[in-house]
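Work through the exercises below with the sequence and the model at hand, and try each task before reading its solution.

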Amino acid sequence: MSSASAATILSASQLQLVRQHKTVLNDISLNLKAGQIITLIGPNGCGKSTLIKVLLGLETADSGKVTRRPGLRIGYMPQRLSLDQRMPLTVTGFLQLARGASNERIHYWLERLAISALARQSVHDLSGGEWQRVLLARALLIKPDLLVLDEPVQGVDVQGQLELYSLIPQLRDELGCAVLMVSHDLHLVMAATDEVICLNGHVCCSGHPDTVSIDPAYIRLFGARPQGQQQVPIAHYTHHHDHQHCADGHVEHHAPGKEIL
């Protein structure tokens, strides 16, 4: 099934959010289909993470509408997750707290993400890149229909960023899930996404990454690529084909009319 004919699993229409007299989200609409990868890009403070939280039901917009497919399983990798340094916790112990965790699945994802050597290591001793992969494993344990990644390469070196962005389309195909991702660098993420939405409080431009990279609105925000600068060395990938925020990190949505106590 191609992404063009796939069913919509998450949509937003005319979202508006004002905080302290500042418009954070202004008339934001988007449509995410099953199996599609959409990346939100934009400068710091442009509303990317806020939009993610509104889409997940973690924050409420002043107006507009968010619609999620009933029963949608969402694996969420937040931009930041801080743990109490006084809490002794290994990587395996941390993952066992996640919904959907089993020893078999934990072992599988540690192996799949090439971090099995970290299984017994303290989460407090991990590098930035190691911690990001552990958080990704945690989001994958739920067998998500939608994988939401908020700045997944934060604190990761350039080689690690390339490896992670190469991994995302593979995970999409293995799980059959959609991916909604936040990034600050279009050129790094170009090969790993089907569609880009450029935000600066509102939608400046959107479409295929090749199109967005030459859009005047994008260039005004980020500038043009310097002449002669090499493209990121990842081959382009072409793809054919009411909630409760729980302590274990997943976002659970309920059928319409079901009250959350």
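**Exercise 1: the second largest pocket**

Strand E2 (22-33) and helix H1 (48-56) each contribute at least two residues to the lining of the second largest pocket, where helices (H or I, at least four residues) and strands (E, at least two) are DSSP runs numbered from the N terminus. The model is predicted, so local features need pLDDT of at least 70 and side-chain atom pairs count only at pLDDT 80 or more, while totals for chains, interfaces and linings use all residues. Residues are numbered from 1 along each chain as its sequence is written, and side-chain values use heavy atoms, with hydrogens and water left out.

Task: state which element supplies the largest share of this lining, and how the lining divides by class.

Solution. Begin with the elements: H1 gives the largest share, 3 residues.

**Exercise 2: the aromatic pairs**

Task: find the aromatic pairs in the whole structure and describe the geometry of each.

Solution. The search returns 2 pairs, a pair being rings of Phe, Tyr and Trp (its six-membered ring) with centres within 6.5 Å, stacked under 30 degrees between planes, edge-to-face over 60 and tilted for the rest. Phe 94 and Trp 131 are tilted, at 5.2 Å centre to centre and 50° between the planes. Because Phe 94 lies in helix H2 (residues 91-96) and Trp 131 in helix H4 (residues 128-140), this pair ties together parts 37 residues apart in sequence. Tyr 108 and Trp 109, with ring centres 4.9 Å apart and planes at 80°, are edge-to-face.

Key. Nonpolar A, V, L, I, M, F, W, Y, C, P; charged D, E, K, R; others polar.
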